Amino acid sequence: MKKINYLSVLLLLSIALFAQNQHNCLSHENYEQMLIKDKTFAENQKILEEYTKSYTSSNLKMSSTGYTIPVVFHVIYTTGSGNISDAQIVNQVNILNAEFKRQQADTILTPLVFKPLAAPFNVTFRLATKDPQGNCTNGINRIYNELTNCSFYNDDVKSLSYWPSDQYLNIWIVQSMRYATSLPCQGGGYATFPGGAPTLDGINIRGDLIGSIGTAATNSGWGNFKGRYLIHELGHWFNLRHIWGDANCGNDFVSDTPIHETSNSGCPNFPYKANNTCGTGANGEMYTNYMDYTNGNCLNMFSAGQVARMTAAINSPVSNRNNLWSTSNLNATGTADPYVYPPTCCANPAILPYGAIIACVGDTVKITDNSYGGLSTSRNWNFNGGSSVNTTDSIAKVVYSVPGVYSVDLTKNYLSSSKTATFTNHVYILNNTANTLYSFPFTEGFENQFNFNNAWTVVNRDNLTPWGITSSTNFSGAKCVALGVFNESAPAIDELISPSIDMGAASSVTLSFKLHYAATSYTPNTDRLTVQVSNDCGKSWFQLYNKAGNTLKTISTNISSSYTPAPGSNEWRTENIMIDDSYLSSNWYFKFVFTNNGGGNNIFIDNVNINGISTIGIKENIVNTNFIQLVPNPANEAVLMQFKNEQNRTVNVYNQLGQLQYTYQVTKKEESITTQNWLNGVYYFSVEENGFNPIYKKVVVNH
């Protein structure tokens, strides 16, 4: 293609894509953001471009020099399918090594006119067998974290696990990826171009686009890439542009690739777009090039000019690509010849279940050894407050006798080596009896830090900012409880579990609280708050409240800075939740669960109240009542009470908050009560008969 000066390069690369991003490579988008955010990146790109011009002017074909690149895969997961296998990763590495050297079987499908332009890149990718500390590794690092699920900022996962980018090519595997902060989760992968921040250097890619086996084997809906998506992203990492130059008739800075009008999709037949509007001749566009957007079964070549450009990038000191294949670094990373894989390492400790365990005092908690990446001759558990007889078994059963938050230690042994991992705040043990600090009816204004610390349970799954008491605002009193999520990594889930409350003698219960939540200018805002209850000490939870995004926020204005509302302002909203009697028990919990998906501001809760009717002494007398039914139900203008016989009775009517609304004296077998002036809602009829405790019936009034 024709050459243009570097200022024009930056101008072209700042132009928005005209073509639809059909397989959603995010590298160009990421490149544009980096140019804006990082002046050093822009300067390094300019330096690299000048170096590349000089290099490619005399090296259109790659020399016989071979390059070995140490690689580490960071697998970020929350599900079994997201935790892709070692075999799938090894399969991907084998695909890279065959196809960069142009040794794959389908090179015969390259159109004859393009074959003379195709060239191998003599690069070999090897999984590291030594980590940055010199310890044995298989080059696969596994981390359980919610950020794998469509992280609001895609780069956030990189902080979970990073090895020095001047020693290793970092590849982060995620389960889903956001295309942009304002668009749905449809991304597939992206690479960093040379010149950016070292801690961000590498490739992010979905696990079901890795290799041709495992989860990638059934992923035919994404162009059937079978390991070639990563080749495309590595092209960017080696400083290649998309073949259409990210603009109509754009420039990819390579002289032997035909000018493309835009990206291509599917798998066209040769010639494709012959004599296109950009001036390409009868041979048309090079749709078989890895840097196009055609399907995986169509991609099979880099051009010699592209190989020269990649070779320039790997020889340049920009981002220290030239150190990766140095003899000293190959020795340091365990990728020098003679290379033996897999190495005989001590396994990396890992446990199941992956996330936090919530159980009750006296419950048996099962924890399983799920270690990876090596061998083991024995193991040792330490449960830090739990009791178990299975301290060396692969499956341990643990009992905790005191409420609290506990860590778990697992040590793996192999020959003379061992590895220990501590899983911090992994087991949350709730009390199996009602907390003496609280009773029904329940009220909590979060004014007492001691009560909060000793009765409430804060589940911090992501080690980010947890729920906690703040004195910076409130609805009433001096404090409230808050969760600071502005600019936090997302997604993240935080739970706040109440103390245990004896609700065994409660009925017609309503839980209410004051809420403040604002959104930011980022979209989409899908942050979510749920309220859940448990009547079996946390073994099962029932969701009774669920609001997200615009439904959740209490003010209409979006606020793009960390926000705290004024105390007692009208920005607070009252939330009411009716709780069916079937959800109640003598060891009852409720919890607030906030899911930070990104786009939201801080959330505040105050004045939590639980009201209802005490039913002490009622249930044992149900068989003695002569109360039959209320009809119709729901009621409109009137409700008819029916009894077995005539008798003096007092009927009290309560609203859903347990407040007395009406009282009637009844003597007949049937008595009609007018409801036309009642507000719509749920009412409870309390019937007192001579010699018996009150009994309750529920009716809904709906005009």
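Asp581 is partly exposed, because its relative accessibility is 38% (buried is under 20% relative accessible area, exposed over 50%, partly exposed in between, with a 1.4 Å probe and protein chains only). Keep in mind that this is a predicted model, where local features need pLDDT of at least 70, side-chain atom pairs count only at pLDDT 80 or more, and totals for chains, interfaces and linings use all residues. Residues are numbered from 1 along each chain as its sequence is written, and side-chain values use heavy atoms, with hydrogens and water left out.

**Around Asp581**
- You'll find Asp581 in the loop between strand S23 (573–579) and strand S24 (589–596) (strands are DSSP runs of E, at least two residues; helices are runs of H or I, at least four; both are numbered from the N terminus).
- Not counting residues up to four places away in sequence, Asp581 touches Ala506, Ser507 and Ser508 (contact means heavy atoms within 4.5 Å).

**Around Thr470**
- Thr470 sits in strand S17 (residues 468–470), and its relative accessible area of 17% makes Thr470 buried.
- Leaving aside neighbours within four places in sequence, Thr470 is in contact with Ala478, Lys479, Cys480, Ala482 and Phe604.

**Helix H3**
- The buried residues here are Phe41, Ala42, Gln45, Leu48, Glu49, Thr52, Tyr55 and Thr56.
- Looking down the axis of H3, these buried residues fall within an arc of 145°, so they line one face of the helix (the arc is that of the directions from the helix axis to the C-beta atoms).
- Exposed Lys39, Thr40, Ser57 and Ser58 are on the face of H3 turned away from its buried side.
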